[in-house]
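Open the model in your viewer and keep the selection panel at hand. This tour says what to select next and what is there.

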Amino acid sequence: MSFIKQYIEQQTINRRNLLLLSAYGLGGMAAAASFRPGFARAAGQDPKIAWSYRDRTNPYWNSIVSGGEGFVESLGLPKSALLNLINGGSSEKSLSDIKALLSRYGSGVALAADPNDMPNCRPVVEAVVGAGAYVSTIWNKTDDLHPWDFGDHYVSHMTWSDVGPSEQTARILFDAMGGKGGVVHLGGIASNNPAIERLAGLKNALKSYPNVELLAVQAADWDTQKANQVMSGFLTRYGDAIKGVHCASDTMAYGVIEALRAEGIENMPVVSYDGNPQAVDLVAQGKILATVFTNPYWGGGITAALAYYAATGFFKPSAEPKEHREFYGPTVLITTKDARDFKAKYIDSNPKYDWKDFWGLSKGQIQYRS
Amino acid sequence: MKHGLVMDNIRKWVPFLVLLVLVLFFAAVNPHFLSLRNFARIAVSSSPALMVAVGATFVILMGSIDLSMEGTVAVCAVVFAMLLNRLGGSLAHMGWLAIPGAMIAGGVLGAVNGLIHVRLRIPSFMASLSMGFVGVGLSLLMTGGNRILIGDPLFRSLLTVRIMSFPLMAYAALGGLLVAWFIQGRTTIGRNFYAIGGGEDLARASGLNVGRVRVIGFVLAGVFFALGAVLAVARLGIAETETGTGFMFLSITSVVVGGTALAGGSGGVWNTLVGVLIVNVIGNGMVVVGLPDYLQDGVLGLLVITAVYLSMDRRGLSFAR
């Protein structure tokens, strides 16, 4: 039986060797890792630029990404140099794509991202900061998360405050209704922050128009077809009592206008939001009385630019004041009077932006309601 | 046995009774619901959905399933709009060719779908779902994410011109339904769908080329999806990738609520008409009676379950498949 004993002995020794070798290997890797900051600085010279967003089917996101491409081209690179991380509305995919990007390029990444929903922002930021890369976010962020708590690597966050502009469109609508009559509101997905703010704006305006009655509020999920169906339901329910329509987005306004057209109603006052090219045309024709432009092209470009120039060391985020780390994006009210000028300036061509003028169009530091 | 036959006859009419009860219920809560103008509104929202659901009916009759409608509708809508604008922008001249053009596009997508399912032996569920994604991507590629507007007054007359209070598109959809009825009942291929759905092994043993019939079924479905796409564009005057959004749930639900068995072999296009009307009456009715919107999705789900429970013959099923 001695050969068995010998065999077992050999195996034991081998196992011990294996463990020792593994420990040695791990130790070596840890030692190598401690020298990595030098490597990170070297990679920062030419960072990969990436945009993480939902998808391009929606005109709004299409403009955001076009802006990102515009920025990349300003560096003398082709459009294809912008890496597109498309999450399709999934926070999990958003995070795993970003982690994959980071494991491929390490600290050499300048990322612009909409984290898809608010809770997802923290893991995204922590992954990027952990890798030593740079990230700028838009739209979705919890109130307790701040770029200045992460030094230089969480560069900035931009969002848009819709309450004020939405109140302005509501006032234009009520004036067109002669200050009296019933109004219906078609909202976005009920839990979305812009949907909540745009309805809040309408309600603020209602306070100064006692003769205007808010007949109904109904979510149509930013969707043209659903808005079409909801509007025809409203027509059945309220009929001629509806004197005006307040829409939380252009996409829904298209559905509303078609529902009205089907009934032969041509002059119903309608206002919307987002300033999509097609909506601006409708404003110029007087079919929509007002919409609000949030300049997604600039937003998409400047968010990528902030992350990029922080990564290259062009500016040091931690040396900037707080209003440069968390700020509101631009909002421009478009009415029938200025629609044509606006179209010539912003839609027929994209104005040439200075992508190093990071805060030129910002509307001030983000305020939190406690 | 006699009792069973009576039950079968009643069950056949259950979807229709469900529709009737829903109409009466909504009318009782808000009498405005029961007006001709509201029925016309329901007809407008039902017309595109009816064509898509009829297409899906053929495939479901065979015991397969087609989930590619969102992609196919998007591609067909975009192809239609691009052709129409390229050919002068009006149906009056060469533009009418855009309609057969879209139908060809739908047929080709359906053929690819069917061939992947039959030749590569991939379950139709997976093959068609994947083809749906391909379609969405393709339409996005063609439009670059933009919307294509259709202003042609002649084409838009499908929505704006009314005969006896109903818009032309409702009659167009009815015409499509009659064609589908003819295919289902009066053609060999239509009968073969039932044969395969009722018992594929038996059909095969009788010498039927099952693979070929299946591919034809998918092609037919694609052509009807294209008709749905044209009506969807007529409804909104916009062709875009999102034109297809929502049709998967809408059409599959309609087919099942109408009483066509997912296992195949029983049901038909008239069931689908009733199913489409049920789903659209619920959608319209919930707004008309003023149900709070946070309840609407939940109520829609419960109503669909109830309708399916009442209309499906589950005696033959040892467990739900």
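Select A:Gly106, in the loop between helix H4 (91-105) and strand E3 of chain A. Helices (H or I, at least four residues) and strands (E, at least two) are DSSP runs, numbered from the N terminus. A:Gly106 is partly exposed, with 16 other C-beta atoms within 10 Å. The cut-offs: a residue is buried if 20 or more other C-beta atoms lie within 10 Å of its own, exposed if 12 or fewer, and partly exposed in between, with C-beta atoms placed from the backbone.

A word on what you are looking at. This is a predicted model, in which local features need pLDDT of at least 70, side-chain atom pairs count only at pLDDT 80 or more, and totals for chains, interfaces and linings use all residues. Residues are numbered from 1 along each chain as its sequence is written, while chains are lettered from A and ligands numbered from 1 in the order in which they are written.

**Confidence**

Color chain A by pLDDT, the predictor's confidence in each residue, from 0 to 100. The average for chain A is 89, and 88% of the residues score at least 70. Then select residues 35-43 of chain A, where the pLDDT is below 50. Beyond near neighbours in sequence, this stretch has five contacts in the model. Two residues are in contact if their C-beta atoms, placed from the backbone, lie within 7 Å. Where pLDDT is low, the predicted coordinates should not be read in detail.

**Two loop residues in chain A**

Go to A:Asn116, in the loop between strand E3 (109-113) and helix H5 (121-131) of chain A. Its phi is near 80°, a positive value in a residue other than glycine. Buried or exposed? A:Asn116 counts as buried, with 23 C-beta neighbours inside 10 Å.

Next, select A:Trp139. This residue sits in the loop between strand E4 (134-138) and strand E5 (154-159) of chain A. Phi is positive here too, near 65°, and A:Trp139 is not a glycine. A:Trp139 also counts as buried, with 22 C-beta neighbours inside 10 Å.

Select helix H11 (residues 296-312) of chain A. Its end C-alpha atoms are 24 Å apart, in agreement with the 24 Å that its 17 residues should span at 1.5 Å a residue. The expected span is 1.5 Å times one less than the number of residues. Of the 17 residues of H11(A), 15 are buried, so the helix is largely enclosed by the rest of the structure. Step on to A:Gly313, which follows H11(A) and has a positive phi near 85°.

Now pick H8(A). This helix has 15 residues and reaches 21 Å from its first C-alpha to its last, close to the 21 Å expected. 14 of its 15 residues are buried, so H8(A) too is largely enclosed by the rest of the structure. Just after H8(A), A:Gly239 takes a positive phi of about 55°.

**The interface**

Show both chains. 27 residues of chain A are in contact with 29 residues of chain B. On the chain A side, helix H3 (59-74), strand E7 (212-219), helix H8 (224-238) and helix H9 (250-262) each supply at least two residues. H8(A) gives the largest share, eleven residues. What kinds of residue make up this side of chain A? Nine are nonpolar, 13 polar and five charged. Here Ala, Val, Leu, Ile, Met, Phe, Trp, Tyr, Cys and Pro count as nonpolar, Asp, Glu, Lys and Arg as charged, and the others, Gly among them, as polar.

**The cores**

A nonpolar core is a set of buried Ala, Val, Leu, Ile, Met, Phe, Trp, Tyr and Cys residues joined through C-beta atoms within 7 Å. The largest has 144 residues; A:Val256, B:Cys76, B:Ala77, B:Phe80, B:Ala229 and B:Val233 touch the most other members. Helix H10 (residues 210-236) of chain B supplies the largest share, 17 residues. Center on B:Ala229: the residues it touches include B:Val73, B:Ala102 and B:Thr243. A second, separate core of 40 residues includes A:Tyr53, A:Ala110, A:Ala112 and A:Ala305.

**Whole chains**

Finish zoomed out. Chain A has twelve helices and twelve strands; of its 370 residues, 46% count as buried. Chain B has 13 helices and four strands, and 52% of its 321 residues count as buried.

Definitions and conventions:
Lists of a residue's contacts leave out its neighbours within four places in sequence.
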